[in-house]
Amino acid sequence: MSEQGQPLEVSLAVDLCGIKLDNPILAASGPFGYGHEYRELTGFKDLGGIIVKGVSLEPWEGNPPPRVAETASGMLNAVGLQNPGLKSFLEDHLPSLRGAGPRLLVNLVGCTVEEYAGVAAGLEGAEGIDGLELNISCPNVKAGGIAFGTDPQATGRVVSAVRQETKLPLLVKLSPNVTDIGAIARAAEEAGADGISLINTISGMIIDTAQKKPLLGNAFGGLSGPAIMPVALKMVWQVAEAVKIPVLGMGGIVSAGDTLQFIMAGARAVALGTGLFYEPDLPSQLKAGLLEYMDKEGLRTLSEIEGVARGPKKF
Ligand SMILES: Cc1cc2nc3c(=O)[nH]c(=O)nc-3n(C[C@H](O)[C@H](O)[C@H](O)COP(=O)(O)O)c2cc1C
């Protein structure tokens with residue numbers, strides 16, 4: 001109750017580096033594509049934001065099949081960032097996503113600094129985009145992507161180049177396949193990133209023993225789903241310690257309890273990837289679970305518990 005005896009207003013709204021989200025639950029880039037099928041299924045119900053599949057300057061064909069396989073508590077994918085390219089995204093996909101409800105973030109990819117900058121320039125001014133997520137972390141492409149996300153200097157170069165082309169809020173998506181994730185996050189922050197998102201998938205493989213060869217056409221793929229959550233959580237914690245800008249956490253989230261763990265580690269918001277494949281209604285379940293927790297704990301906003309598990313003590 002307020003001093004005037006009014007019930008205090010509870011709100012799930014968060015500000016993710018200037019992107020005002022009704023709630024902190026987003027759809028992660030990739031599993032969701034450009035959202036068309038998922039939208040038919042759920043109408044984007046209870047999502048604070050959507051991050052569409054990586055967009056490159058020209059169309060990319062992706063990797064040879066098979067591209068996905070199930071693993072213990074997760075999945076392995078080697079889609080290879082197949083996408084129709086910038087022009088098709090702007091003409092064939094963006095118009096139907098405009099004003100769809102949730103905030104819209106576009107994930108962008110490239111093989112060179114110039115390509116990344118070119119995609120950002122091409123998206124600048126396009127109506128309906130609320131933010132960019134720069135993917136420097138895909139483990140399934142031969143050139144570009146992860147090459148930028150494993151070296152702080154290369155991270156700085158690509159983030160600076162994109163920063164010069166856009167005024168939109170810019171999140172940089174990091175790879176877990178590195179030794180010192182804090183150093184990469186700091187390089188992105190110093191080069192002008194407004195937020196950090198992590199983690200992308202963890203590099204892995206499966207061997208088909210009957211065929212005596214790798215199961216995926218690309219041999220290696222990226223592991224996602226509940227199996228990777230403890231790794232993701234630790235890295236979100238480390239990045240939240242390393243930078244001052246907001247963190248978007250992801251990796252294996254399938255419940256409100258998982259979401260709370262990410263927020264307590266220091267995430268401002270979370271994104272759902274693999275979880276949406278087997279439970280399209282997950283955003284509504286998470287939202288209800290968060291509200292129930294806030295009610296039980298007497299919280300009005302989630303900012304009251306952002307990073308709380310880190311406490312004053314340095315671990
Ligand atoms: C099939 C598939 C495709 C993906 N495509 C992209 C992509 O285009 N760009 C990107 O930044 N991340 C991509 N990701 C990574 C996810 O956005 C997310 O970071 C990762 O899967 C961890 O979250 P999860 O365990 O909830 O799936 C993809 C993941 C999957 C499973």
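# Briefing: a helix, a ligand site and some backbone details

In helix α3, which spans residues 113–123, the buried residues are V113, E115, Y116, A117, V119, A120 and L123. After α3 comes G125, and the phi of G125 is positive, near 90°. The structure is a predicted model.

**The ligand and its surroundings**

- The ligand sits in the largest pocket.
- Around the ligand there are 22 residues, and the closest are S29, K173, G225, G252 and T274.
- Sorted by class, this shell holds 14 polar, 6 nonpolar and 2 charged residues.
- S29 has a backbone N or O atom that lies 2.6 Å from an oxygen atom of the ligand.
- K173 takes part through its side chain: a polar side-chain atom of K173 lies 2.7 Å from an oxygen atom of the ligand.
- For I199, a backbone N or O atom lies 2.9 Å from an oxygen atom of the ligand.
- On its own the ligand has 610 Å² of accessible area, and the protein covers 96% of that area.

**A buried strand residue**

- V106 belongs to strand β7, which runs over residues 103–108.
- The relative accessible area of V106 is 0%, so V106 counts as buried, the limit being under 20%.
- V106 and V55 are 51 residues apart in sequence, while their C-alpha atoms are 7.5 Å apart in space.

**Cis peptide bonds**

- The peptide bond from P65 to P66 is cis, and its omega is near -10°.
- P66 is in the loop between β4 (49–55) and β5 (68–71).
- L198 and I199 are also joined by a cis peptide bond, with omega about 10°.
- I199 is in the loop between β10 (195–198) and β11 (202–205). This is the I199 that has a backbone N or O atom 2.9 Å from a ligand oxygen atom.

- K212 is not a glycine, yet its phi is positive, near 55°.
- The loop between β12 (207–208) and β13 (213–214) contains K212.
- K212 is exposed because its relative accessibility is 73%, and the limit for exposed is over 50%.
- A219 is not a glycine either, and its phi is positive at about 65°.
- A219 lies in the loop between β13 and β14 (220–224).
- With a relative accessible area of 22%, A219 is partly exposed, because that value falls between the limits of 20% and 50%.

How values were computed: Residues numbered from 1 in each chain as written. Predicted model: local features only at pLDDT ≥ 70, side-chain atom pairs only at ≥ 80, totals over all residues. Heavy atoms only, no water. Near = heavy atom within 4 Å. Polar contact = N/O pair within 3.5 Å; in protein donor to acceptor, adjacent residues only side chain to side chain. Areas by Shrake-Rupley, 256 points an atom, 1.4 Å probe, with all protein chains shown as cover. 1 Å grid on protein atoms, 1.4 Å probe; cavity = no way out; pocket = protein on both sides within 12 Å on 5 of 7 lines; lining within 4 Å. Sits in = over half its atoms within 2 Å of the grid points. Nonpolar A, V, L, I, M, F, W, Y, C, P; charged D, E, K, R; others polar. Buried < 20%, exposed > 50% of the residue type's maximum accessible area, 1.4 Å probe, protein only. Helix = DSSP H or I, 4+ residues; strand = E, 2+ residues; numbered from the N terminus.
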